[in-house]
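Hi there,

Here is the structure I promised to pass on to you. Have a look at it first, and then read my notes below.

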Amino acid sequence: MLLDLSKIFGKPKNSKEVAKERLKLVLIHDRANVSPQFLEMLKSEIIKVITNYMDVDESALDIQLTKTKSDDGESIVPALYANIPIKNIKSSGK
Amino acid sequence: MSEVLVITSGKGGVGKTTTTANLGTGLALAGCKVVLVDTDIGLRNLDVVMGLENRIVYDLVDVVEGSCRVKQALIKDKRYEGLYLLPAAQTRDKSAVNPQQMMKLCQELKEEFDYILIDCPAGIEQGFKNAIAGADRAIVVTTPEVSAVRDADRIIGLLEANELRNPKLLINRLRMDMVKRGDMMSIDDIIDILAIGLIGVVPDDEKIVVSTNRGEPAITDDKALAGQAYRNIVRRIRGEEVPFLNFNEDQGFVDKLKKIFGLKAN
């Protein structure tokens, strides 16, 4: 069994882990150079379509604009990341 | 075939000018004909880092405004065969030059030189736009700090938006001792975050300060660790495959460091 020793003993994280976490968060905002309204609109449209087929947990929905390596690994391309937890798939959608 | 390389970073003080001076000198030592162009108008420094500050007659603004010919403004570095500097103007500002003029200048320099290295100013405004205008390739310099990596990410996005594809990352001032104890982001951490290819890693080295004091690039110092790192990067720029670091093996710290920066074959 693996135990997270650092949690048990309350040892503080390495400062580099803190740096990485903070960087990742700040970059999500930096990279998404679209307005929050744009993302909200996109989010509600996506929900509208998906709920025709399945029940999703709207409160846990996570949509972000980020970037990723292209298939050939040559360049960086923007990517739409969406994490949509499904509660139940509607039988009428089958 | 000649190539225009822009050395940029977003954040100031991460080592763009030092990198430009060292890589340019290294390329010249490798037998290439090289010109270093300082585009940091108003805050020029490549001249002092190269130790050529006393030889400036004309500058970049004089050239683009047609006050002199390109050849008149080029300073020949007498120490290294084939190395030239085109200094920035000190008494003007970034708006004295525009991207079209830079593109034209780069085209003209390409006829004469193998490598044109553009030292980009900090920031993302006019100076940055001028610096990248005529470039074929970009090297993004960062240090293992939150602020520098964040700015590098922004710069990478802007380079892509300006059709400068596939920029390469240079991690500067890495301190292996701090990485080892978990107090500095590692090379892998930074590459993970920025998702671009690496061209080299330069260790934090006191000799850089000493060489800048003297106006002699550290790449010429055989004993300097940073000099070795720069020599490896020069080889990579020229298309050679030079192996990268291996952190996983358990070996003596000094050996590991030597291996990482190419002082030791294996």
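**What I found**

Chain A has 3 helices and 4 strands, where helices (H or I, at least four residues) and strands (E, at least two) are DSSP runs numbered from the N terminus. Starting at the N terminus, its order is α-α-α-β-β-β-β. This is a predicted model, in which local features need pLDDT of at least 70 and side-chain atom pairs count only at pLDDT 80 or more, while totals for chains, interfaces and linings use all residues. Residues are numbered from 1 along each chain as its sequence is written, and chains are lettered from A and ligands numbered from 1 in the order in which they are written.

Now for where the chains meet. In chain A, 17 residues are in contact with 17 residues of chain B (contact: C-beta atoms, placed from the backbone, within 7 Å). Helix H2 (15-31) and strand E2 (62-69) of chain A each give two or more residues to this side, and H2(A) gives the most, with 10 residues. By type, the side of chain A that touches chain B has 5 nonpolar, 4 polar and 8 charged residues (nonpolar: Ala, Val, Leu, Ile, Met, Phe, Trp, Tyr, Cys and Pro; charged: Asp, Glu, Lys and Arg; polar: the others, Gly among them).

Chain B has a helix pair to look at, too. Contact between H5(B) and H6(B) is made by Pro99(B), Met102(B) and Met103(B) of H5(B) with Lys129(B), Asn130(B) and Ala133(B) of H6(B). Those residues divide into 4 nonpolar, 1 polar and 1 charged.

Enjoy exploring!

Definitions and conventions: Contact = placed C-beta atoms within 7 Å.
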